[in-house]
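Q: I have this structure open and would like to go through it. Can you take me around?

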Amino acid sequence: MEINCIYRTDCLLGFKNIEDESVDLIFTDPPYYQSRAQNIKNLKNHKDVVTEFKFDGYASEEEYLQFIENVLRECYRVAKNGASGYLWCGDDFVSYINRITEKVGFQFRKVIHWHKTNPFPAIHTRKMFANSMELLVHFSKGSPKTWNHKRVNEMHNFIESPICMGKERKKHQTQKPLKVCIPFIEISSNENDLILDPFMGSGTTALAALMTNRSFIGFEIDDNYCKIIDERLKEFLLQSKDFQGKEPKVK
Ligand SMILES: C[S@@+](CC[C@H](N)C(=O)[O-])C[C@H]1O[C@@H](n2cnc3c(N)ncnc32)[C@H](O)[C@@H]1O
């Protein structure tokens, strides 16, 4: 497979072209099987009226968890011995996902908590707290071979940052800020290592890899998101002359 390339395909098809034990780090953010508010009114005073919720497209929780297991099984196959993996998820599925990482052969290591300081506000009519936490499950194939320890107070399993805003924000509902991805990539991989993200979304993992002098491969099934990735990569290339002749791309 071509390095520094995102393939417009279902990741389970794409995986078939990745060799066994060829990837140094997995960093990914699969669909969450979550309902998302579609039609929100009166957001200003937080007494919102939500008339529609949309699920991520799986028929049942069982089907969703089976999909995650199939993906993680492929991640295990393509990971080098000692590779780390990081997978974003919500609090509703985290304990299942921990178990699935171990079922497919990984060692589960820790859950990292991202506190979003500006989450989507609590919806008055749902009588629930705002969802201000997202979780990042860390796992490894055997003992991690790379562990670039930062300062002690940067090694907590907690990170705080606003959701993507301003120039970084693209039209992707679940875009992760570079700021909450890069530290883990730096800790668990070295320059020139290969990072895999089967669910590229708006291309955050690809950007984070390029910004830290790593390589990447990835997949994204949605054409519109592939266009966003393409634009983001082009924006990045405008600031960097190092890639002439081997520019990262979407295929
Ligand atoms: C949670 S989002 C990833 C967001 C990403 N971390 C970012 O910062 O932009 C998950 C992405 O996976 C994509 N996706 C869903 N099923 C897929 C599949 N079977 N193969 C490849 N991509 C898929 C969705 O279109 C979506 O963009």
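A: Start with a strand pair: Ile-195 stands opposite Phe-216 in β12. The chain crosses from β11 through helix α5 (residues 204-211) to β12, and this β-α-β crossover is right-handed. Right-handed means that, with the strands pointing away from the viewer, the path from the first strand over the helix to the second runs clockwise.

Q: What kind of model is it, and how are residues numbered?
A: It is a predicted model: local features need pLDDT of at least 70, side-chain atom pairs count only at pLDDT 80 or more, and totals for chains, interfaces and linings use all residues. Residues are numbered from 1 along each chain as its sequence is written.

Q: How many bridges join β11 to β12?
A: 4 bridges join strand β11 (residues 194-197) to β12, and the two run parallel. Strands pair if DSSP finds at least two bridges between them. Strands (E, at least two residues) and helices (H or I, at least four) are DSSP runs, numbered from the N terminus.

Q: Which residue in β12 is the bridge partner of Ile-6?
A: That is Gly-218. Strand β1 (residues 5-7) is joined to β12 by 3 bridges, also running parallel.

Q: Is β12 mostly covered or mostly exposed?
A: Mostly covered: 4 of the 5 residues in β12 (residues 215-219) are buried. Buried means 20 or more other C-beta atoms within 10 Å of a residue's own; exposed means 12 or fewer, partly exposed in between, with C-beta atoms placed from the backbone.

Q: Back to Ile-195. What does it touch?
A: Among its contacts are Asp-24, Leu-25, Ile-185 and Phe-216, not counting residues up to four places away in sequence. Contact means C-beta atoms, placed from the backbone, within 7 Å. Ile-195 is also one of the residues with the most contacts inside the largest nonpolar core, which has 51 residues. Such a core is a set of buried Ala, Val, Leu, Ile, Met, Phe, Trp, Tyr and Cys residues joined through C-beta atoms within 7 Å.

Q: New topic. Why does Val-180 count as buried?
A: Because Val-180 has 23 C-beta neighbours inside 10 Å. Val-180 is found in helix α4 (residues 178-188).

Q: And which residues does Val-180 touch?
A: Trp-114, Ile-159 and Ser-161, leaving out residues up to four places away in sequence. Trp-114 is 66 residues apart from Val-180 along the chain, yet their C-alpha atoms are separated by 7.6 Å.

Q: Last one: how many helices and strands does the protein have?
A: It has 6 helices and 13 strands. Of its 251 residues, 33% count as buried.

Methods: Two residues are in contact if their C-beta atoms, placed from the backbone, lie within 7 Å.
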